Amino acid sequence: MKNYPPQFKADAVALYRSRPEATIRQVAADLGINPETLRNWVRAAGASRPRGRRAEVPAEPPTPLEAENAALRKKVRELEEEREILRKAAKYFAGETRW
């Protein structure tokens, strides 16, 4: 049974919460951990993702270019967060290479 640092656990839960379209299984696969491990961390943190987030309705619908830019910005934020979590995980696992 692996022991993960508290910061990694918190980051994993935050990543799950920040990706409303992703399942626990998908996020766990991205992080290389067991889905049940992530599920337990989410439960322990009392974290639940808001369902049906309500956004302010803009006066005018966004143009296709604005919509694409917003989607790309969101994807960049997700990828940056994932990269940071994976970077921390790599540092953690690099220290556990003793047999």
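Modeller: Contact means heavy atoms within 4.5 Å. By that criterion, and leaving out residues up to four places away in sequence, glutamate 82 touches Leu15, Arg19 and Asp30. The model is predicted: local features need pLDDT of at least 70 and side-chain atom pairs count only at pLDDT 80 or more, while totals for chains, interfaces and linings use all residues. Residues are numbered from 1 along each chain as its sequence is written, and side-chain values use heavy atoms, with hydrogens and water left out.

Glutamate 82 counts as buried because its relative accessible area is 14% (buried is under 20%, exposed over 50%, partly exposed in between, with a 1.4 Å probe and protein chains only). Across the protein, 23% of the 99 residues are buried.

Glutamate 82 lies in helix α4 (helices are DSSP runs of H or I, at least four residues, and strands runs of E, at least two, numbered from the N terminus). The protein has four helices and zero strands, in the order α-α-α-α along the sequence.

The partner of α4 to consider is α1. Helix α4 spans residues 64–94 and helix α1 residues 6–18; their axes come within 10 Å and cross at roughly 160° (axes are lines fitted to C-alpha atoms, for helices over the stretch in contact, with angles from 0 to 180 degrees between N-to-C directions). The two helices are therefore roughly antiparallel (over 145 degrees; under 35 is roughly parallel, 65 to 115 roughly perpendicular, the rest oblique). On the α4 side, the contact involves Glu78, Glu81, Glu82, Ile85, Lys88 and Ala89. On the α1 side it involves Gln7, Phe8, Asp11, Ala12, Ala14, Leu15 and Ser18. These residues comprise six nonpolar, two polar and five charged (Ala, Val, Leu, Ile, Met, Phe, Trp, Tyr, Cys and Pro are nonpolar, Asp, Glu, Lys and Arg charged, the others, Gly among them, polar). Leu15, a contact of glutamate 82, belongs to the α1 side of this contact.

Helix α1 also meets α3. Their axes come within 9 Å and cross at roughly 90°, which means that α1 is roughly perpendicular to α3. Phe8, Lys9, Ala12, Val13 and Tyr16 of α1 pack against Leu38, Trp41, Val42 and Ala45 of α3. By class, this contact has eight nonpolar residues, one charged and no polar. Phe8 and Ala12 are listed both here and in the contact of α1 with α4.

Helix α3, residues 35–45, has a further partner in α2, residues 24–31: their axes come within 8 Å and cross at roughly 115°. At that angle α2 is, therefore, roughly perpendicular to α3. The residues that meet are Ile24, Arg25, Val27 and Ala28 of α2 and Pro35, Leu38 and Arg39 of α3. They divide into five nonpolar and two charged, with no polar residue. Leu38 takes part both here and in the contact of α3 with α1.

Proline 35, in α3, touches Ile24, Arg25 and Ala28, again not counting residues up to four places away in sequence. For proline 35 and arginine 25, the C-alpha to C-alpha distance is 5.1 Å and the sequence separation is 10 residues.

For the protein as a whole, take the contacts between residues at least 6 apart in sequence: 72% of them join residues at least 24 apart.
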